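Thanks for coming, everyone. I'll walk you through one structure, from the whole chain down to single residues. Please have a look at it first.

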Amino acid sequence: MSETPAAGRAGMRKELPEHFRDYRNVWVFIELERGQVHPVSWELMGEGRKLADRLGVQLAAVVLGPKDEGTRTAIRQTWAYGADICYICKDAVLTDYRNEPYTQALTGLVNAYKPEILLLGATTLGRDLAGSVATTLKTGLTADATELAIDDEMSLAATRPTFGGTLLCTIHTLNFRPQMATVRPRVMAMPDPDMARPAGRSVWYTLGVAEADVITKVLEFVADATTNEVNLAYADIVVAGGMGLQNAANFRLVRDLAAVLGGEYGCSRPVVQKGWLPAERQIGQTGKTIRPRLYIAAGISGAIQHRVGVEGADLIIAINTDPQARIFDFAHLGVVADALQILPALTEAFARRLGRETRILEEA
């Protein structure tokens with residue numbers, strides 16, 4: 001008895017419903033809080049430009065915020081980062097992020113102007129907003145994407161790790177619009193702004209929500225005192241250790257080398273699970289995504305969830321005793337050796353070359 005082959009994606013593809021055919025353009029939500037734009041927004045503008053060019057459509061930025069100088073500055077910056085259109089909603093109820101008014105503003109804009117693709121940063125704010133917007137619009141959302149592309153059928157192909165970071169899968173939102181995805185900071189390259197680029201078209205949107213209609217109230221803003229203590233995502237040099245360092249005490253070797261190089265230090269997920277280093281030092285899909293000029297990985301096996309967090313680095317140097325370790329598949333330079341011996345030698349050599357004294361960084 002012959003078996004019917006499983007239907008592939010081509011067999012499942014249906015004709016796009018008529019009411020979705022006028023959805024066009026690529027939108028990027030500009031995450032603005034207290035007058036500052038999160039850098040992931042500009043990273044997404046660079047990626048959005050590639051997607052828009054592939055589709056032959058325009059790139060649009062969406063700016064939601066209060067009527068102040070921070071919002072006006074963010075609007076001006078969108079032109080420098082490549083926006084053809086800027087959708088703007090200024091309202092006092094948007095002064096601080098609250099899910100209800102922000103969801104109403106963004107879904108209102110989507111329903112009025114119909115983007116084909118909508119991208120947001122996978123930050124605390126972006127994840128909260130993206131989920132409620134996608135649910136309200138009844139469309140698909142790929143969370144924590146590590147790669148975005150337009151396939152041969154001109155559909156958004158969003159790739160992300162799955163099954164605990166052991167596999168990569170590509171997700172398509174075939175018959176719903178907009179196609180939505182969130183992308184973590186530092187996954188995409190930061191584009192160079194063109195400050196001489198002329199302003200594009202501005203589209204103003206009126207929210208029409210009164211403060212009395214918003215259930216959530218902001219009583220006080222308390223800044224996070226630890227915000228700037230760990231800067232892994234934007235460090236130029238990062239040294240990290242894994243389970244190959246054997247115990248927590250040996251991470252002083254990682255800290256020493258990072259200190260001599262003037263960089264930051266981090267670790268793989270199992271190290272945090274063991275309690276050897278705090279979670280803010282974790283690098284990978286479930287930790288920080290980094291794009292340093294130099295990344296030194298000592299005693300790290302190189303699982304997919306770690307790989308997607310570091311593969312944007314300009315130069316990856318891996319140190320591992322196992323010549324079959326997966327990290328050697330994507331490292332630019334590999335050293336098959338014991339990290340406990342190599343790290344002190346590197347620290348001494350760099351200290352001598354750079355004229356710096358070795359010192360140990362204390363945990364915050």
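How much accessible surface does the chain have, and what share of that surface belongs to carbon and sulfur atoms? The accessible surface comes to about 17,700 Å², and 51% of it belongs to carbon and sulfur atoms. Such areas come from the Shrake-Rupley method with a 1.4 Å probe, and for residues only the protein chains shown count as cover.

Some ground rules. This is a predicted model, where local features need pLDDT of at least 70, side-chain atom pairs count only at pLDDT 80 or more, and totals for chains, interfaces and linings use all residues. Residues are numbered from 1 along each chain as its sequence is written, and side-chain values use heavy atoms, with hydrogens and water left out.

Now the overall build. The chain has nine helices and 17 strands. Helices (H or I, at least four residues) and strands (E, at least two) are DSSP runs, numbered from the N terminus. The radius of gyration is 23 Å, close to the 21 Å that the globule rule gives for 364 residues, so the chain is as compact as a globular protein of that length. That radius is taken over C-alpha atoms, and the rule is 2.2 Å times the number of residues to the power 0.38. Along its principal axes, the C-alpha trace spans about 70 × 65 × 40 Å.

Next, the inside. Of the 364 residues, 51% count as buried. Buried means under 20% relative accessible area, exposed means over 50%, and partly exposed is in between (1.4 Å probe, protein chains only).

The largest nonpolar core has 34 residues. A nonpolar core is a set of buried Ala, Val, Leu, Ile, Met, Phe, Trp, Tyr and Cys residues joined through side-chain atoms within 4.5 Å. Val26, Ile30, Met45, Leu119 and Leu148 have the most contacts inside this core. Which helix gives the largest share of this core? Helix 2, with seven residues. There is also a second, separate core of 28 residues, including Val62 and Val214.

Stay with helix 2, residues 39-55. Glu47 lies in this helix. Is Glu47 buried or exposed? At 10% relative accessibility, Glu47 counts as buried. Leaving out residues up to four places away in sequence, Glu47 touches Leu148 and Met188. Touching here means a contact, with heavy atoms within 4.5 Å.

On to helix 6, residues 252-261. Nine of its ten residues are buried, so helix 6 is largely enclosed by the rest of the structure. Among the buried ones are Arg255 and Asp256. What do they pack against? The buried residues of helix 6 pack against strand 13, strand 14, strand 15 and helix 9. Just after helix 6, Gly262 takes a positive phi of about 70°.

Last, the backbone. Most residues other than glycine have a negative phi, and most peptide bonds are trans. The peptide bond from Arg177 to Pro178 is cis, with omega near 0°. Pro178 sits in the loop between strand 10 and strand 11. Arg186 has a positive phi, near 75°. Arg186 is in the loop between strand 11 and strand 12, and it is buried, with a relative accessible area of 12%. Gln246 has a positive phi too, near 80°. Gln246 is in the loop between strand 13 and helix 6, and at 53% relative accessibility it counts as exposed.
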